[in-house]
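This report describes selected features of the structure shown below.

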Amino acid sequence: MKKLIIAACCTGVLLLAGSCASSKNAAGAASLEGEWNIVEIENTAVVPPKETTFPYLGFRAADGSLYGTAGCNRLIGRFNAGTKPGRIDLEIVGTTKMLCADMTLERKVTSVLPGVKKFKVLSADHIALYGSSKTPLVVLQRRAGQ
């Protein structure tokens, strides 16, 4: 009987710990929810060229979808922020293939995103995306109306 009570208590503790861990992961993904302008890439402020849209990323936590624009071309993909708190895996599935007058910003955005491995909420309106170093690869700012 004593062993049964101990086993039941251990099971309860494990279930409680598991639910706490999953809620932390859900909160991580939820903090990314919405659309975010890419305002900085590798410590350089983003200034889109004329006739180029401001690059942004959109995250839908409910289904793990990622969307946005790299400045010229739209992009779609998936993300997973549930592996560990602060970890994120981005997968860019596809982009449109339009040619714009200045593709410099476009190339910079699409080259840096595959290196993203971590994120940190800096404030209610800013998130930093990191690779393997302590310097952000990308800084995001919540888009107006989000």
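## Basis of the description

Strands are DSSP runs of E with at least two residues, numbered from the N terminus. The model is predicted.

## Positive surface patch

By this numbering, K84 is found in the loop between β5 (74-80) and β6 (89-95). Its relative accessibility is 54%, so K84 counts as exposed, the cut-off for exposed being over 50%.

K84 also takes part in a positive surface patch, which is formed together with R87, K117, K118 and K134.

## Aromatic pairs

The count of aromatic pairs comes to two. One of them joins Y56 and Y67 in an edge-to-face arrangement, with 6.4 Å centre to centre and 80° between the planes. This pair links distant parts of the chain: Y56 belongs to strand β3 (residues 56-60) and Y67 to strand β4 (residues 65-69), 11 residues apart. Both Y56 and Y67 are buried.

F59 and F79 have ring centres 5.0 Å apart and planes at 85°, so this pair is edge-to-face. Because F59 lies in strand β3 and F79 in strand β5, the pair ties together parts that are 20 residues apart in sequence. F59 counts as buried because its relative accessibility is 1%; F79 likewise counts as buried, at 8% relative accessibility.

## The segment after β9

A144 lies in the segment that follows β9 (136-142). With 78% relative accessibility, A144 counts as exposed.

A144 and W36 are separated by 108 residues in sequence, while their C-alpha atoms are 8.9 Å apart in space.

Key. Residues numbered from 1 in each chain as written. Predicted model: local features only at pLDDT ≥ 70, side-chain atom pairs only at ≥ 80, totals over all residues. Heavy atoms only, no water. Patch = residues over 30% accessible without salt bridge, like charges linked within 9 Å, V, L, I, M, F, W, Y side chains within 5 Å. Areas by Shrake-Rupley, 256 points an atom, 1.4 Å probe, with all protein chains shown as cover. Salt bridge = Lys/Arg side-chain N within 4 Å of Asp/Glu carboxyl O. Lys, Arg positive; Asp, Glu negative; His and termini not counted. Charge placed at Lys NZ, Arg CZ, Asp CG, Glu CD. Helix = DSSP H or I, 4+ residues; strand = E, 2+ residues; numbered from the N terminus. Buried < 20%, exposed > 50% of the residue type's maximum accessible area, 1.4 Å probe, protein only. Phe/Tyr/Trp six-rings, centres within 6.5 Å; stacked < 30°, edge-to-face > 60°.
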